[in-house]
Amino acid sequence: NNPPWPAYRGYHEYSFAHATMGVRLPTILGKAIEDATRTLNEQHDEEKVTDLVQCIERMEALMSDLSGNAKLRPIIDDGEGDIALWNKEIAKYFQGKDFMNAPWLFAEAYKYRRLHECFSVSKHWPDYDVFYRQKCDTFSRSADAVFELSMRFVEPFALAEGISAEEKLEAERLTFLELTQVCLWGNSTDLSLLINMTEDQIKALQSTGGEHLAATEKNILGNHLHKLWDTVKELRERPEIGGRIDFVLDNAGFELYCDCVYADFLIQSGLASQVRFHGKRFAWFVSDVSRKDWDWLLNTMVYGQLFPKATDQEMESLRRLGRRWKQYEKEGKWVYEQHPFWCTGYTFWSLHEEAPDLFLHLSKSDLVIFKGDLNHRKLTYDCAAPASTPFDIAIGPMANSAGAPKVASLRTIKSDVVVGLGDDGDEVAEKLDESEKGWKISGKYAVVLLSDGRPG
Ligand code: F6P
Ligand code: MG
């Protein structure tokens, strides 16, 4: 049940795995230690202080395991719902493996679980998120794009009166294509790659204007955008389907905000009747969404004072959007959930076997949209598949198991695995390899890929 191509590993020097395991992860962990130390310096209660000191000591031990390339040990039983999944995978496949020779995807996920363990075994800090400050801060520095979207989309998507049904559908199609791209490119601002970005760099990544979108569509190397519209349009044409769309979320802050603007349109246009969002249970790959990040975004939109330079009108547009989104939650039109499987080292080739309840749950969805690079790596087994590999082959059981839902991947390319580029995909990739060093990690290119699934 594995793909025929080898998975990337830390010792593959030609791969981004090498730089990530050797340099990026220790840097990220170093910043996490700085964050916890800052929190330590703000405490007054001795019991909490000494408890946090121990968390920091465990982080330092993790740092030496990581930089010393230690063998992967089981996760300590901290009572969390994912322990059995983690330790089964370690016992079954990775006994005796170390950070560099275990598959990159597993070793990297394992590091984030070990980081969580540093806190989860403590008395006072089990939910501490070392990346929380960073996530909030980046959203507050995204003012231009935040208000561009809130001002434009605060009014419900009422279309001009007296237009024909055809014109209405065309207007909806164009908005759908635009917002799918907004949602896609919202993924370029993940924090694991962009530590210490300047405001201008953030702005350049987040410009959302129409012209800009036409230009960026050229950078979508595997492009099922239009097929995606046909699929989503059908949900409304066949009300018996129900119109449930799921988002397997990636990053908090600006990307989540873009996801929500998109999901708002899907609800308002009647294309979907329910949207279910899937987040993470703890701090994951730096900027991924947890329950706290979800609540923070909605509450800061309604009550926050994050943007001192904004006009009253801008602030009001943000508040109204936030209130509407909270109302969707109350009415059950939007549901936030977080299954333990999303924070394990398994790829989604194992989802139906290792988390059958989750698979059955997703089977009931009319479309599951996976956001971002890590989800894409997990869908595709993070292996060296040729770029011409069709998406539904690359995702294996998530396309061909009985009950596999329709699956879309909206991902800016930030790591080695690239599939779904079409019949001439291998040549396209080869040319980029020659002309544009680093094209697979820059986030400049993207894929929007769709698999039709297999009815159960
Ligand atoms: O560090 C590896 C990685 O998964 C990269 O693939 C990517 O750069 C980053 O972490 C996370 O990206 P995303 O937030 O889009 O999943
Ligand atoms: Mg992420």
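User: Before we start, which atoms count as donors to a metal?
Analyst: Donors are N, O and S atoms within 2.8 Å of the metal. Water is not among the atoms, so a site may look incomplete. Also keep in mind that this is a predicted model.

User: Okay. Which residues coordinate the magnesium ion (ligand 2)?
Analyst: Asp250 (OD), Asn251 (OD1) and Asp288 (OD) coordinate the ion, at 2.2 Å.

User: How are the donor residues spaced in sequence?
Analyst: The pattern is D-N-x36-D. Asn251 sits in the loop between strand E2 (244-248) and helix H11 (254-268). Asp288 sits in the loop between strand E3 (274-278) and helix H12 (291-303). This pair therefore ties together parts that are 37 residues apart in sequence.

User: Are Asn251 and Asp288 buried or exposed?
Analyst: Both Asn251 and Asp288 are buried.

User: What about Phe285, where does it sit?
Analyst: Phe285 is in the loop between E3 and H12. Its phi is near 45°, a positive value in a residue other than glycine. Phe285 counts as buried because its relative accessibility is 9%, under the 20% cut-off.

User: Which other residue has a positive phi, near 50°?
Analyst: That is Asp382, again a residue other than glycine. Asp382 belongs to the loop between helix H16 (372-379) and helix H17 (391-394). With a relative accessible area of 1%, Asp382 is buried.

User: New topic, salt bridges. How many are there?
Analyst: The count comes to 33 salt bridges. Side chains of opposite charge can pair when their charged atoms come close.

User: Give me one inside a helix. Which helix holds Asp230 and Lys233?
Analyst: Both lie in helix H10 (residues 225-237), three residues apart, which is about one turn of the helix. Asp230 and Lys233 form a salt bridge, with their closest N and O atoms 3.9 Å apart.

User: Which residues do salt bridges join into one network?
Analyst: Asp35, Arg38, Glu42 and Arg133 are joined through bridges that share partners.

User: What is the partner of Arg141?
Analyst: Arg141 forms a salt bridge with Asp137, and the closest N and O atoms are 3.4 Å apart. Arg141 is partly exposed at 24%. Asp137 is partly exposed at 37%.

User: Last topic, the surface. Which residues form the negative patch?
Analyst: The patch is made of Asp423, Asp424, Glu427, Glu430, Asp433 and Glu434. Glu427 lies in helix H19 (residues 425-435). Asp424 is in the loop between strand E6 (407-412) and H19.

User: How accessible is Glu427?
Analyst: Glu427 is partly exposed, at 46% relative accessibility. Asp424 is partly exposed as well, with a relative accessible area of 43%.

User: How far is Asp424 from Ala387?
Analyst: They are 37 residues apart in sequence. In space, Asp424 and Ala387 are 8.6 Å apart, C-alpha to C-alpha.

Notes
Residues are numbered from 1 along each chain as its sequence is written. Chains are lettered from A and ligands numbered from 1 in the order in which they are written. This is a predicted model: local features need pLDDT of at least 70, side-chain atom pairs count only at pLDDT 80 or more; totals for chains, interfaces and linings use all residues. Side-chain values use heavy atoms; hydrogens and water are left out. Patches are made of residues with over 30% relative accessible area and no salt bridge: like charges are joined within 9 Å, nonpolar side chains (Val, Leu, Ile, Met, Phe, Trp, Tyr) within 5 Å. Accessible areas come from the Shrake-Rupley method with a 1.4 Å probe; for residues, only the protein chains shown count as cover. A salt bridge is a side-chain nitrogen of Lys or Arg within 4 Å of a carboxyl oxygen of Asp or Glu. Lys and Arg count as positive and Asp and Glu as negative; His and the chain ends are not counted. The place of a charge is taken as NZ of Lys, CZ of Arg, CG of Asp or CD of Glu. Helices (H or I, at least four residues) and strands (E, at least two) are DSSP runs, numbered from the N terminus. Buried means under 20% relative accessible area, exposed over 50%, partly exposed in between (1.4 Å probe, protein chains only). Donors are N, O and S atoms within 2.8 Å of the metal (3.2 Å for Na, K and Ca); water is not among the atoms, so sites may look incomplete.
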